[in-house]
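I opened this one to see what a walk through the coordinates would turn up. My entries follow, in the order I made them.

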Amino acid sequence: GLYQKKAKVMGLVDSLVILLDGSQDEVQIPADSAAVPTSVLSDKPGIINRYKRASTPVVDTASVIDAKKSILQILRMLANSQLDLDVALFFNELERRAGNLGSELPSGLDLAEENSGSWIG
């Protein structure tokens with residue numbers, strides 16, 4: 001798959017976090033401030049409240065908010081996938097060590113076969 005190497009996944013995560021943190025959000029009121037709805041004006045002069053949802057031709061905080069929600073969903077999927085992979089690797093290692101001892105695992109510990117190796121599960 002496309003993201004089976006840790007470096008590629010971390011590059012994706014780093015890029016998403018940069019978008020999510022808000023440090024690059026444009027919060028200055030545009031030159032045509034008469035077109036900015038008062039509902040999105042911040043208490044600070046000249047600044048838009050980026051946490052209030054609005055969608056106008058001049059200010060579109062709704063799109064930014066929706067994009068950040070999508071980023072959170074992607075990060076959650078990646079975290080869940082990593083957890084699934086870690087659990088599968090744990091059980092694979094447990095089975096390998098049990099096999100080296102010549103013993104069998106108790107029933108119910110063969111979950112690694114069901115969840116092994118995929119990033120999206």
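**Entry 1, the pocket.** I began with the largest pocket and found 12 lining residues, with E26, V27, D60, T61 and V64 nearest its centre. My pocket search ran on a 1 Å grid over the protein atoms alone: a pocket is an open set of points where a 1.4 Å probe fits, with protein on both sides within 12 Å along at least five of seven lines, and a lining residue has an atom within 4 Å of a point. I got a volume of about 180 Å³ for the largest pocket, that is, the space filled by probe spheres set on grid points joined across faces, edges and corners. I sorted its lining into six nonpolar, two polar and four charged residues. For that sorting, Ala, Val, Leu, Ile, Met, Phe, Trp, Tyr, Cys and Pro are nonpolar, Asp, Glu, Lys and Arg are charged, and the others, Gly among them, are polar.

I am working on a predicted model, where local features need pLDDT of at least 70 and side-chain atom pairs count only at pLDDT 80 or more, while totals for chains, interfaces and linings use all residues. I number residues from 1 along each chain as its sequence is written, and my side-chain values use heavy atoms, with hydrogens and water left out.

I went back to D60, one of the residues nearest the pocket centre, and placed D60 in the loop between α1 and α2. D60 has a relative accessible area of 32%, so I list it as partly exposed; my classes are buried under 20%, exposed over 50% and partly exposed in between, with a 1.4 Å probe and protein chains only.

How many helices and strands does the protein chain have? I count three helices and zero strands, in the order α-α-α along the sequence. These are DSSP runs numbered from the N terminus, H or I of at least four residues for helices and E of at least two for strands. Of the 121 residues in the protein chain, 20% are buried.

I checked the length of α1, residues 6-20: at 1.5 Å a residue its 15 residues should span 21 Å, and the end C-alpha atoms are 21 Å apart, so the two agree. The expected span is 1.5 Å times one less than the number of residues. Which residues of α1 are buried? I noted V9, V13 and L16. They cover an arc of only 65° around the axis, so they sit on the same side of α1; the arc is taken from the directions from the helix axis to the C-beta atoms. After α1 comes G22, with a positive phi near 85°.

I then looked at Q82, which lies in helix α2. The C-alpha atoms of Q82 and V9 are 10.0 Å apart, although 73 residues separate them along the chain. Q82 is partly exposed, at 32% relative accessibility.

I found three salt bridges, each a side-chain nitrogen of Lys or Arg within 4 Å of a carboxyl oxygen of Asp or Glu. In one of them R53 pairs with D66, with the closest N and O atoms 2.7 Å apart. R53 lies in the loop between α1 and α2 (61-101) and D66 in helix α2, so this pair ties together parts 13 residues apart in sequence. I have R53 as partly exposed at 46% and D66 as partly exposed at 37%.

E93 and R96 meet in a salt bridge at 2.5 Å, N to O. They are three residues apart in helix α2, so about one helical turn separates them. R97 also meets E93, at 2.8 Å from N to O, and these two are four residues apart in helix α2. Shared partners join E93, R96 and R97 into one network.
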